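Let's take a walk through this structure together. Have the model open beside the text and follow along.

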Amino acid sequence: MVVKWRRLIYMCKVSVIINCHNGEEFLKETLESLEKQTFNNYELIFWDNCSTDGSADIVQTFDARLRYFYGGKMIPLGAARNKAVEQARGEYISFLDSDDLWDTEKLERQVDVLDRDISVGMVFTNFYRFNMLSGETDIFDKKAIYRKLSFEELVGNYSFCLSSFMVRKKALEGLDHVFHDNFKYAEEFELFSRIAYNWKTVYLPEALVTYRIHKNMNTIKLRNRIGVEYQMALESLRKEAEDLDSKFPDVVKKIEFSRDLSYVKDIIYKGDNRKVRALMKPYLNYNIRAKCFYFISFLPTRLSVFMVKLFYKSRI
């Protein structure tokens, strides 16, 4: 590991973590959104996961708050996030993906929440979705209100953006692990679910993050990993919460449905419509999307694939 220090050690309130592998296409704008923050008592921990493009040159233009680390070898995203977390000196940790953007008040608003209530372990915000494939922008939660989320609400309806989260560093203490080393896609869902089991979570309704959807993002490239990692996350959560199945059966059901729906989104492109029906049949009275995929699977393969692509044209 190569470390580049930009100045002497100093105390900071927030550690901002960017994990990057070949992110030069969007990195400059991402860093600019960080530099414009109204709250400036932070350090930037940049973990370069063996980039071969110009990412390192771009990040070196950042100011003295930068702490740059270059990994000795390419590792899964979960493991790379852990490497970065180990370096965090702040009281709070905020994650910023190298292709996302922050509103200028993002850090300030979240620090204020955590400072005012020590029982809150995590705070996240609403966000914009900018689809670079279609050029459209929309807001994720159009009916958002300020609220404290229960464990069931967070885990059972998880579809949030990593870059919108800030975590109290103390909330990571005592966990069996922070991020799962082998995860490539759902590492944040697995971690935040375990934090939410033990700490309060606050949701800010303002969209303070822009989540950019593009062809090179992990949600597209790792589609075949999503279902596998939902199952791994469920097993990990069961270890943290031994009463999960008996106390939170609805949460378990939602995770299992998300897992199987992810499998279906992948295998329908392979033409295995019989397996699609087998996976969705148990959920026909549970979720409308299960009915949609179930009935689409009776169509000829080319037509069923066309229908799915049409439905997810502006999605992932």
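Contact here means that heavy atoms lie within 4.5 Å. Keep in mind as well that this is a predicted model.

Leaving aside its neighbours within four places in sequence, H177 touches E190, R194 and S236. S236 is 59 residues away from H177 in sequence, while their C-alpha atoms are 9.9 Å apart in space.

Now turn to the aromatic rings. Searching the whole structure gives 21 aromatic pairs. Take F124 and F160: their ring centres are 4.5 Å apart and their planes meet at 55°, so this pair is tilted. F124 belongs to strand β7 (residues 120-131), and F160 to the loop between α5 (151-156) and β10 (165-168), so the pair ties together parts that lie 36 residues apart in sequence. Both partners fall below the 20% limit for buried: F124 has 0% relative accessibility and therefore counts as buried, and F160, at 14%, counts as buried too.

Ring pairs join F124 and F160 into a cluster with F95, F127, F140, F165, F179, F192, Y203 and Y211. One member of that cluster, F179, has the charged end of R81 over its ring, 6.0 Å from the centre. For another such arrangement, look at F298, where R277 lies over the ring face at 4.5 Å from the ring centre.

Notes
Residues are numbered from 1 along each chain as its sequence is written. This is a predicted model: local features need pLDDT of at least 70, side-chain atom pairs count only at pLDDT 80 or more; totals for chains, interfaces and linings use all residues. Side-chain values use heavy atoms; hydrogens and water are left out. Rings of Phe, Tyr and Trp (its six-membered ring) pair if their centres lie within 6.5 Å; planes under 30 degrees apart count as stacked, over 60 as edge-to-face and the rest as tilted. Helices (H or I, at least four residues) and strands (E, at least two) are DSSP runs, numbered from the N terminus. Buried means under 20% relative accessible area, exposed over 50%, partly exposed in between (1.4 Å probe, protein chains only). A charge sits over a ring if NZ of Lys or CZ of Arg is within 6 Å of the ring centre and within 35 degrees of the ring normal.
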